[in-house]
Amino acid sequence: MADASCRSKGNPGQRIADIMPNQVVAGTFVVEEKQLRTAKNGKPFLTLTLRDKTGTVTARLWENAAQAAQNLSGHKVLRIQGRSELFRDEIQIHIQDMEPVPRDAVDPSDFLPVCPKDPHALWKALKGLLQKVQSKTHRELIRAFLADRALMDAFGKAPAGKDFHHAYVGGLLEHTVGVMHLATLIGTQYPSLDQDILLMGAFLHDIGKVREFTYDLVIDYSDAGRLVGHMVLGVEILNAKIAACNNFPEETAVLLKHMILSHHGEPELGAVRSPMTREAMALHFADDLDAKMNNLENLMARNDDPDSLWTAFQSLYKRYFYKGPRKDEPGSHTPGPEPPSAACREGRQLPLWPGFTDKGNAHDDA
């Protein structure tokens, strides 16, 4: 059995992000999923998805799996000892020993990932973006939201996802600010859009996630999150705030609800309605871009195989992703300003297009 001192608060042991292939592994992890399976030879084995604040890893127990699964019933935190191995380009743990850890013996902050950005800076950015809203009607609605301290506290803590994007405490705030920034840029490029509707839609599109997720030891869906979903929950929250406003226009309310219900784009992607306004379409693209870029940033940061320039095959995208050249390779360099050319140092204007003079005329072939 593992050393009891390793189970005390503040000493979680090895982190998942630090596990490399062919290592001895000893750490305390939350069990996110547990499945008792049967191998081709008829022997049962236990598959666990383990998590800490740095990521997830698959672990398997082959000896006495059925008894172990029964003994672990109801336990969410385990002390694991085993060895890591590479299987289909992913690290897995072959469990040699494990035991449950009492809930009161662990610190939840050891297991919940947290937004890497400064929350105070994100709140400042959010309020600055909301100040761009011009309509008195929308500004009254904003005040109704910001005045609800319990709601805003949950908004600042909730994750924006369970696995795919911004899946950490504070992720909803970060994602919302990102989508609002993109909405502002889109509005600048396409000034005929209703800027207030677009920005308000960006602010409210995921507000229902304050009720969709739970985040104690692990991020998971609430019952309402699974049964109803964050879009419908978001419309319920919006309805309550609209009721607190004086004579809020019905057409504006419907347009904002449509922004929430359609931001996933298509029904097969979870949208209650497909986008039917230009602002809803723009919001969908902004939301999709921010979510996917966060997912790809996390994918690159994880770097499961440091020896490869490519990620493992990503089934969601149906492709591999190139990580970029190694820093120690010949010809590789850290991105930065290039040294000025002789022409720049002499103050001469360089041609914009190869083969053209600075007067814009093509060179003679003769």
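Visitor: Is Phe 155 buried or exposed?
Guide: The model is predicted, so local features need pLDDT of at least 70 and side-chain atom pairs count only at pLDDT 80 or more, while totals for chains, interfaces and linings use all residues. Residues are numbered from 1 along each chain as its sequence is written, and side-chain values use heavy atoms, with hydrogens and water left out. Buried means under 20% relative accessible area, exposed over 50%, and partly exposed in between (1.4 Å probe, protein chains only). Phe 155 has a relative accessible area of 0%, so call it buried.

Visitor: How many aromatic pairs are there?
Guide: Rings of Phe, Tyr and Trp (its six-membered ring) pair if their centres lie within 6.5 Å; planes under 30 degrees apart are stacked, over 60 edge-to-face, and the rest tilted. Going by that rule, the count of aromatic pairs is eight.

Visitor: What is the angle between the planes of Trp 123 and Phe 155?
Guide: These two rings form an aromatic pair, 6.1 Å centre to centre. The pair counts as tilted, with the planes at 55°.

Visitor: How many residues apart are Trp 123 and Phe 155?
Guide: Helices (H or I, at least four residues) and strands (E, at least two) are DSSP runs, numbered from the N terminus. Trp 123 belongs to helix H2 and Phe 155 to helix H4, so the pair links distant parts of the chain. The separation is 32 residues.

Visitor: How far does helix H5 reach from its first C-alpha to its last?
Guide: H5 covers residues 171-189, 19 residues in total. The expected span is 1.5 Å times one less than the number of residues, and that comes to 27 Å for H5. The model is close to it, with a reach of 27 Å.

Visitor: Which helices do the buried residues of H5 pack against?
Guide: Buried residues of H5 include Leu 172, His 175, Val 179 and Ala 183. Contact here means heavy atoms within 4.5 Å. The buried residues of H5 pack against H2, H4, H6, H7 and H11.

Visitor: Which residue of E5 is the bridge partner of Thr 58?
Guide: Two strands pair if DSSP finds at least two bridges between them. Strand E3 (residues 55-61) runs antiparallel to E2, joined by seven bridges, and pairs with E5 in the parallel sense over three bridges. In E5, the partner of Thr 58 is Gln 92.
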